[in-house]
Amino acid sequence: MKPVGLQPARAPLHGGPDAAGVPLHDFSTNSNACGPCPEALHAVQAVDATRYPDPAYAALREGLGAFHGVPPARIVLAASASEFIHRITALAALRGAVQVAVPAHSFGDYAQAAQARGLAWVRGGAAAAAGLQWACEPSSPLGHADPVARTWRQGATAPALRVLDCAYAPLRLDGEGAWTGAPAQQLPPACWQLWTPNKALGLTGVRAAYAVAPAGMDAQVLALNALAPSWPVGAHGVALLQAWMEPVVQQWLVHSLGSLRDWKARQQGLCAELGWQVQPGSLANYFCALPNGSHPPQAFAHMLDGLRNAGIKLRDCASFGLPGQVRLGVLPPASQDALVAAWRAMVATLPNQKDMA
């Protein structure tokens, strides 16, 4: 493994609350805006936090294995998706990987974890030299089908570690692949699957995740568990993951997708009325847009700051490799109307309104 350089740490870029607090209308995350799921919230609030969780998570692994139709030995618990991303990248480095392949536009932690381990990283698919390959479907920020995942579904195996990030699979809205209350059967069998139900349940403040190993990868499972600290998931995270498997929670989630579909159509229509270019093809509860043409970086930052001061936060897509675009999680109509009003009020104050009206 290459030595890790002592680079100054930069704050990771994410949506959600920031130094200004909790946004009044937060479009910057992909959390289910119908949430929190009442039953999951109750489960988390009822936790006995005076006790350690079972360090082996035996019952939780048993339940998650049954939920996915695999033996519990194939379930690896993680503190969060980000923690698993760093842990499996560490495993790839220990296995001699020199390169990590990430999607063309993707969550920044894939590349950050590679850099932290001294690994090169490349965007845009499964590079032949990559010892660790990432795919995400629906992708973020665009919400598209991932072409790499499509090739993995064809069943070809590879010596590389492959991970499909399923963070947004339960929030897929399109008819053919929409979430129905259980993992889809067409998921690629020869890759790891990374699941983070907190977004789907509208409880992103509770950190917990798990991964499902491909069949026959017992050595990788043992290695990943060996790299984990004790109790990677706390009592509240355990309660969230246990609730995730309950039929009543899945019924709530499936029902919420109908509201999200309606809200998404309305929100995209309002963005179009504002003159924003909505990027087509999103399958999930979020989409990207180019607000009213191309702006120089300074003007774009000024625009986002102006909205933030009005209580509205959008996700700048520059860190995804899409400068000048924003990602918008789907919110209820009241928040959508607030965005429209704030945008029009901000535009009215600009000296050159024709550039943003």
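Which residues of helix H6 (residues 218–226) are buried? In this predicted model, they are Gln220, Val221 and Leu224. Seen down the axis of H6, these buried residues fall within an arc of 100°, so they line one face of the helix. An α-helix has 3.6 residues a turn, so residues three or four places apart point the same way. The other side of H6 has Asp218, Ala219, Leu222 and Ala226 exposed.

**Aromatic pairs**

The structure holds 9 aromatic pairs. One of them joins phenylalanine 67 and tryptophan 244: ring centres 5.8 Å apart, planes at 65°, so the pair is edge-to-face. Phenylalanine 67 sits in helix H2 (residues 58–68) and tryptophan 244 in helix H7 (residues 235–244), so the contact ties together parts 177 residues apart in sequence.

Tryptophan 179 and tryptophan 195 also pair. Their ring centres are 5.9 Å apart and their planes at 55°, so this pair is tilted. Tryptophan 179 lies in the loop between S6 and S7, tryptophan 195 in strand S7, 16 residues apart. Ring pairs link Phe67, Trp179, Trp195 and Trp244 into a cluster.

| Residue | Relative accessibility | Class |
|---|---|---|
| Phenylalanine 67 | 17% | buried |
| Tryptophan 179 | 6% | buried |
| Tryptophan 195 | 1% | buried |
| Tryptophan 244 | 0% | buried |

**Glycine 177**

The loop between S6 and S7 also holds glycine 177. At 17% relative accessibility, glycine 177 counts as buried, because the cut-off is under 20%. Its C-alpha atom is separated by 8.7 Å from that of leucine 283, 106 residues apart along the chain.

Conventions. Residues numbered from 1 in each chain as written. Predicted model: local features only at pLDDT ≥ 70, side-chain atom pairs only at ≥ 80, totals over all residues. Heavy atoms only, no water. Buried < 20%, exposed > 50% of the residue type's maximum accessible area, 1.4 Å probe, protein only. Helix = DSSP H or I, 4+ residues; strand = E, 2+ residues; numbered from the N terminus. Arc of directions from axis to C-beta. Phe/Tyr/Trp six-rings, centres within 6.5 Å; stacked < 30°, edge-to-face > 60°.
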